[in-house]
Amino acid sequence: MRMYDIIMKKRNGGELSREEIDFFVEGYTRGEIPDYQASALMMAVYFQKMTERETVALTMAMAESGDRLDLTGIKGVKVDKHSTGGVGDKTSLALAPMVASCGVPVAKMSGRGLGHTGGTIDKLESFPGFGTALTTERFMENVNRIGIAIMGQTADLAPADKKLYALRDVTATVDNMSLIASSIMSKKLAAGADAIVLDVKTGSGAFMKREEDARALAEEMVKIGNSAGRKTLAVISDMDQPLGRTVGNALEVREAIDTLMDRGPEDFTRLCLTLGSRMLMAGGRASEPEEAEELLREALKSGRALKKLAELVEAQGGDSRAVYEPDRLPAAKILLPVPAPRDGYISRIQCDEVGICSLVLGGGRQTKDSRIDLSVGLVLCRKVGDPVKAGEPLAMIHANEEGKAREARSRYLAACAIGDGPCACAPLIKAVIGA
Ligand code: URA
């Protein structure tokens with residue numbers, strides 16, 4: 001088999017066989033196929049697209065390119081959750097303890113922030129001492145003992161995707177549905193859960209800006225998961241404005257704690273209940289969404305879900321006192337309000353720009369190796385549809401440097417639009433695919 005022939009077949013619109021896809025993935029992972037041939041193939045895929053059979057084959061080949069977690073040592077149906085990424089998306093921080101406190105084991109591998117979007121692993125490190133580099137044995141032991149563990153992705157999980165993703169990032173071949181679906185699902189399949197609940201974001205802060213693209217991606221990923229024998233479903237949710245009211249690592253942890261104390265923002269709580277009820281159903285704990293939601297509400301009201309977060313923090317070496325005393329979390333020195341320039345109603349908050357505000361403050365990475373400031377970020381005082389008077393704060397900037405605070409303030413102002421009359425807010429939950 002020759003890589004040249006594989007590129008030409010795809011360039012001419014042919015369908016690649018499983019053997020051809022395996023040849024490419026294995027050769028590229030081993031360093032035998034050079035980046036220029038892999039780039040050419042990615043560009044051919046970008047223009048010619050992939051059939052469903054090819055997408056499944058690519059997913060499986062990448063999932064099998066490195067370590068695969070064997071979670072069979074964990075009792076019960078293991079349910080994983082994955083978000084395609086957003087701004088203020090602290091969902092796993094509240095959702096994982098909620099679900100685990102209802103008796104469904106959560107064995108979760110999470111990532112760090114990427115571009116303007118945040119990552120669960122960075123957020124969890126706001127708890128002083130919290131460790132995310134667990135051995136597989138400790139990961140499994142924790143799930144068996146307390147029902148929950150969250151670790152960072154191991155270096156050798158789906159290494160083909162890691163290499164290919166970095167290549168796509170610099171060759172303008174990221175935004176192809178089959179390539180995104182296979183990239184996400186290869187990691188999920190290698191991480192070993194029995195069931196997968198996907199949160200596919202759409203809107204100005206999401207990867208998929210248009211709802212129809214988010215729907216197509218969700219359908220593709222659900223098909224891949226189910227054909228690999230994992231019960232998979234996807235919730236399509238709004239990311240046209242930040243989720244909840246906080247953006248920034250420790251600030252988001254505080255909001256997740258508030259939510260676990262049953263006093264979180266309405267949109268964030270709703271998303272956790274929707275995803276959580278699907279996870280409980282996938283885990284066999286409930287048969288209807290209403291029944292599952294009742295269990296989750298009870299876990300919030302009784303304090304069981306909050307206690308589960310404290311157990312998670314404790315088990316991974318963090319200071320669990322911060323769960324009950326959030327003032328122990330990192331806090332920024334400077335608080336700078338963003339005053340509204342006029343009376344009116346918030347008609348738009350350009351979501352990716354808000355993510356960039358947090359990045360500018362130091363809350364995200366500018367390069368792969370940058371250190372992040374866990375304390376900085378923004379607290380939104382007004383969301384889309386809210387009335388505001390001139391001079392009232394649209395948001396509070398939490399910063400440690402005056403210059404960065406001012407830059408974030410002007411960016412935030414530019415990201416907000418104020419209209420004359422009330423406007424409707426887009427629905428948070430747009431669809432559930434594969435239920
Ligand atoms: N996230 C991934 O893991 N892969 C993609 O291709 C896009 C988003």
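A polar contact is a pair of N or O atoms within 3.5 Å. The exercises below use a predicted model.

**Exercise 1. The ligand and its surroundings**

Task: Find which side chains have an N or O atom at 2.5 Å, 2.6 Å or 3.0 Å from a ligand atom, and state how much of the ligand the protein covers.

Solution: 

1. Begin with Lys187, where an N or O atom of the side chain is 2.5 Å from an oxygen atom of the ligand.
2. Turn to Ser183: an N or O atom in its side chain lies 2.6 Å from a nitrogen atom of the ligand.
3. For Arg168, the distance from a polar side-chain atom to an oxygen atom of the ligand is 3.0 Å.
4. On its own the ligand has 230 Å² of accessible area, and the protein covers 89% of that.

**Exercise 2. The shell around the ligand**

Task: List the residues around the ligand, sort them by kind, and say which helix gives the most to the shell.

Solution: 

1. Around the ligand stand Tyr165, Arg168, Ile180, Ser183, Ile184, Lys187 and Phe207.
2. By kind, the shell holds 4 nonpolar residues, 1 polar and 2 charged.
3. Two helices, α8 (159-169) and α9 (177-190), supply at least two shell residues each.
4. The largest share comes from α9, with 4 residues.

**Exercise 3. Strand β11 and its partners**

Task: Explain why strand β11 (residues 393-399) is described as largely enclosed, and identify how β7 and β9 pair with β11.

Solution: 

1. Of the 7 residues of β11, 5 are buried, so the strand is largely enclosed by the rest of the structure.
2. Strand β7 (residues 334-339) pairs with β11 in the antiparallel sense, over 6 bridges.
3. Within this pairing, Leu336 has Ile397 of β11 as its bridge partner.
4. Strand β9 (residues 377-380) also runs antiparallel to β11, joined by 4 bridges.
5. Here Gly377 stands opposite His398 in β11.

Notes:
Residues numbered from 1 in each chain as written. Predicted model: local features only at pLDDT ≥ 70, side-chain atom pairs only at ≥ 80, totals over all residues. Heavy atoms only, no water. Buried < 20%, exposed > 50% of the residue type's maximum accessible area, 1.4 Å probe, protein only. Pairing = 2+ DSSP bridges. Near = heavy atom within 4 Å. Polar contact = N/O pair within 3.5 Å; in protein donor to acceptor, adjacent residues only side chain to side chain. Areas by Shrake-Rupley, 256 points an atom, 1.4 Å probe, with all protein chains shown as cover. Nonpolar A, V, L, I, M, F, W, Y, C, P; charged D, E, K, R; others polar.
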